[in-house]
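Colleague: I have not seen this one before. Can you walk me through it?
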Amino acid sequence: MPRLDSNLFKSVVHHIKAFFRGQRWKETLIFFFFLLLSAGFWYLQSLQEDMELEISLPVKYRNVPAHITLTDDNPETIVFRVKDKGLVMLSYVWLYKFAPLEISLKSLQEGTNGEITVTRKTIESAISKQLTSSTSLLGFEPQTVEVHYAELGSRELPVVADISVMPEPGFQQAGDITVTPGTIRVYANTAMLDTLHELRTVPAELKNADRTHELTLRLQTIAGVQMDEIEVKVKVPVEEFTEKRLMIPVLCRDLPEHYTLHVFPSEIEIVCNVPVSQFGKLTENDFEIRIPFQEFEANRETGQLAVCLSRQPSLTIPPTLHPETVEFIMEQHAARP
């Protein structure tokens with residue numbers, strides 16, 4: 001059975017080869033060659049005749065002020081008809097890319113009641129300057145463009161830098177991150193404005209920071225909200241830090257005259273990390289531990305009291321106190337007559 005199938009296959013191949021080598025196949029090839037040649041001549045002849053073509057021109061709205069929003073019923077395309085030789089039309093279809101009709105809304109003095117009119121003459125000029133001198137502009141729709149817009153409410157919002165700072169070992173953030181501008185005016189409908197409390201930058205990371213950095217960050221976009229600015233300058237102060245130790249006395253300024261107070265220890269060691277540039281400027285006078293007399297009175301039975309700083313400079317990392325509690329003895333004397 002397999003041998004019979006093999007013979008059949010060889011027979012089919014033999015007949016196909018015989019067909020392609022025969023006179024009829026050559027005649028068929030010659031026929032199709034002249035058919036394609038005549039079709040080509042006919043197509044070239046047709047390209048020399050006048051033809052009409054319909055083209056869509058996109059509409060682009062630019063320089064839209066932040067305090068307005070365009071409505072959804074504004075046209076997105078202008079459809080125009082032209083007439084010229086077929087060869088020119090072919091170039092419009094395959095080779096030429098028409099620039100969009102740009103409508104600038106930078107000045108709204110022409111519009112009233114939330115509407116700006118782009119005249120027929122303006123549209124015709126924008127189309128004609130892109131056509132060859134031989135092309136005739138037959139018409140276009142729409143004849144004029146009515147640009148509809150709505151005024152938006154506005155308010156100023158603070159800007160928050162969404163940035164993660166990871167300094168190099170031995171370095172720390174030396175102060176608050178500053179954003180310029182710190183507030184930006186935004187525009188939206190009243191309902192949207194009531195939900196907004198701040199603007200945030202796109203998330204960013206500052207790794208291995210060993211100096212102060214100034215970055216330009218984009219603001220996160222909010223659907224339905226327009227902003228006067230889309231970028232802000234962010235300054236991240238980073239300095240080398242070192243440890244400083246100070247001894248601060250424990251004070252009680254309102255101790256009555258007929259009381260004697262003994263505090264152990266009488267001074268508390270403060271350990272703080274400060275920028276190298278501020279090391280010499282930081283002194284004991286920048287700190288104070290002042291405990292009201294009533295706190296001593298309230299803890300008289302235990303004779304122990306937790307201490308904390310009542311005054312300190314602004315530091316990135318809060319200082320630590322050693323020790324955090326003190327013992328005291330309070331003696332009361334007879335009041336003088």
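Modeller: One term to begin with: contact means heavy atoms within 4.5 Å. This is a predicted model, where local features need pLDDT of at least 70, side-chain atom pairs count only at pLDDT 80 or more, and totals for chains, interfaces and linings use all residues. Residues are numbered from 1 along each chain as its sequence is written, and side-chain values use heavy atoms, with hydrogens and water left out.

Colleague: Fine. Leaving aside its neighbours within four places in sequence, what is Ile78 in contact with?
Modeller: With those neighbours set aside, Ile78 is in contact with Ile55, Ser56, Leu57, Val59, Leu101, Ile123, Ile127, Phe140, Glu141, Pro142 and Val145.

Colleague: Which residues have the most contacts inside the largest nonpolar core?
Modeller: Ile78, Phe80 and Ile103, in a core of 25 residues. A nonpolar core is a set of buried Ala, Val, Leu, Ile, Met, Phe, Trp, Tyr and Cys residues joined through side-chain atoms within 4.5 Å. Buried means under 20% relative accessible area, exposed over 50%, and partly exposed in between (1.4 Å probe, protein chains only).

Colleague: Which elements give two or more residues to this core?
Modeller: They are β1 (50-62), β3 (77-85), α3 (86-94), β4 (101-104), β5 (115-118), α4 (120-128) and β7 (145-151). The largest share, 4 residues, comes from β1. Helices (H or I, at least four residues) and strands (E, at least two) are DSSP runs, numbered from the N terminus. Apart from this core lies another, of 23 residues, among them Ile248, Val263, Leu321 and Val326.

Colleague: Back to β1. Is Glu52 buried or exposed?
Modeller: Glu52, found in strand β1, counts as exposed because its relative accessibility is 54%. Leaving aside neighbours within four places in sequence, Glu52 is in contact with Arg81, Val82, Lys83, Met89 and Leu138. The C-alpha atoms of Glu52 and Leu138 are separated by 8.8 Å, with the two residues 86 apart along the chain.

Colleague: And His213, buried or exposed?
Modeller: His213 is in strand β15 (residues 213-218) and counts as buried, because its relative accessibility is 14%. Beyond neighbours within four places in sequence, His213 is in contact with Leu206, Val234, Lys235 and Val236.

Colleague: Switching to strands. How many bridges join β8 to β12?
Modeller: 6 bridges join β8 (residues 153-160) to β12 (residues 183-188), and the two run antiparallel. Two strands pair if DSSP finds at least two bridges between them. Pro158 has Thr183 in β12 as its bridge partner. β12 is also joined to β16 (residues 226-227), antiparallel, by 2 bridges, and there Val186 stands opposite Met227.

Colleague: Which peptide bond to Pro181 is cis?
Modeller: The one from Thr180, with omega near -5 degrees. Pro181 sits in the loop between β11 (178-180) and β12. The bond from Phe264 to Pro265 is cis too, with omega near -5 degrees, and Pro265 is in the loop between β19 (259-264) and β20 (267-275).

Colleague: What about phi of Asn63?
Modeller: Asn63 has a positive phi of about 55 degrees although it is not a glycine. Asn63 lies in the loop between β1 and β2 (68-70) and counts as partly exposed, because its relative accessibility is 38%.

Colleague: Last one: the whole chain. How many helices and strands?
Modeller: The secondary structure comes to 6 helices and 24 strands. Buried residues make up 29% of the 337 residues.
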